[in-house]
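Look at the chain below before reading on. The paragraphs that follow start with the whole chain and then turn to its parts.

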Amino acid sequence: LRLLKKTLTSIVFAPWCQVCGENKVWRLVLHHLAYFSDSIRYNNYNTQTEIGELQYHSSLALEVEKRPKNFGVLCNPCHKKVEVLIDMGEERAEHTINVERFRLKKLVLETGYGKYKTELAEYDRIVYVYHESLKARKKAKGYEERTGLDAFI
């Protein structure tokens, strides 16, 4: 399973989180930027077992091979942060992003601590993945809605 995950993450990006740099492969996930009708979904597998995890990643390998640019590599905590933004809807997410950026920038200015500079840089990478996901999902939705001759034009 670790070898499979390491291989898949290397195909997509690199075997580390695009946001924070976490490189423990068992903590990494492949983040779908967009879902298609034939996409492999985590919740369709019994991933609480090692066999279920292996089945999921084996199936996912075919999708990664088909659409490698449709994935990002994130650690679990960073993936959750991106998904929280996606789940709250665009308007609310943009407001949340602006508030959090303001808070972090203020802390950087007030304290000058590298900790907050690093946190702000990581948050900006979270926001980048969020925006890439939004773009990909809108584009995928457009492709999914096209049928017949429209699909070829």
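Which pattern does the protein chain follow when read along the sequence? The pattern is α-β-α-β-α-α-α. In this predicted model, the protein chain has five helices and two strands. The C-alpha atoms fill a box of roughly 55 × 40 × 25 Å, taken along the principal axes. The protein chain has 153 residues, and 37% of them count as buried. Consider next the contacts between residues at least 6 apart in sequence: 68% of these contacts join residues at least 24 apart.

Now take the strands. Strand E1 covers residues 28-32, and strand E2 covers residues 71-75. E1 and E2 run antiparallel, and five bridges join them.

Is E2 mostly covered or mostly uncovered? E2 is mostly covered, since five of its five residues are buried.

The next pair to find is made of helices. Helix H1 spans residues 2-12, and helix H2 spans residues 50-66. Their axes come within 10 Å and cross at roughly 25 degrees. Angles under 35 degrees count as roughly parallel, and H1 and H2 are therefore roughly parallel to each other. The crossing of these two helices is left-handed.

Which residues make the contact between H1 and H2? From H1 come Leu4, Lys5, Leu8, Ile11 and Val12. From H2 come Leu54, His57, Ser58, Ala61 and Val64. Sorted by class, the contact of H1 with H2 has seven nonpolar, two polar and one charged residues.

Last, turn to a loop. Asp38 is found in the loop between E1 and H2. Is Asp38 buried or partly exposed? Its relative accessible area is 37%. Buried means under 20% and exposed means over 50%, with partly exposed in between, so Asp38 counts as partly exposed. Leaving aside residues up to four places away in sequence, Asp38 touches Lys66 and Arg67. Asp38 can also be compared with Leu28, which lies 10 residues apart from it along the chain. The C-alpha atoms of Asp38 and Leu28 are separated by 23 Å.

Methods. Residues are numbered from 1 along each chain as its sequence is written. This is a predicted model: local features need pLDDT of at least 70, side-chain atom pairs count only at pLDDT 80 or more; totals for chains, interfaces and linings use all residues. Side-chain values use heavy atoms; hydrogens and water are left out. Buried means under 20% relative accessible area, exposed over 50%, partly exposed in between (1.4 Å probe, protein chains only). Helices (H or I, at least four residues) and strands (E, at least two) are DSSP runs, numbered from the N terminus. Two strands pair if DSSP finds at least two bridges between them. Axes are lines fitted to C-alpha atoms, for helices over the stretch in contact, and angles run from 0 to 180 degrees between N-to-C directions. Angles under 35 degrees count as roughly parallel, over 145 as roughly antiparallel, 65 to 115 as roughly perpendicular and the rest as oblique. A crossing is left-handed if the near helix is turned anticlockwise from the far one by less than a right angle, and right-handed if clockwise. Contact means heavy atoms within 4.5 Å. Ala, Val, Leu, Ile, Met, Phe, Trp, Tyr, Cys and Pro count as nonpolar, Asp, Glu, Lys and Arg as charged, and the others, Gly among them, as polar.
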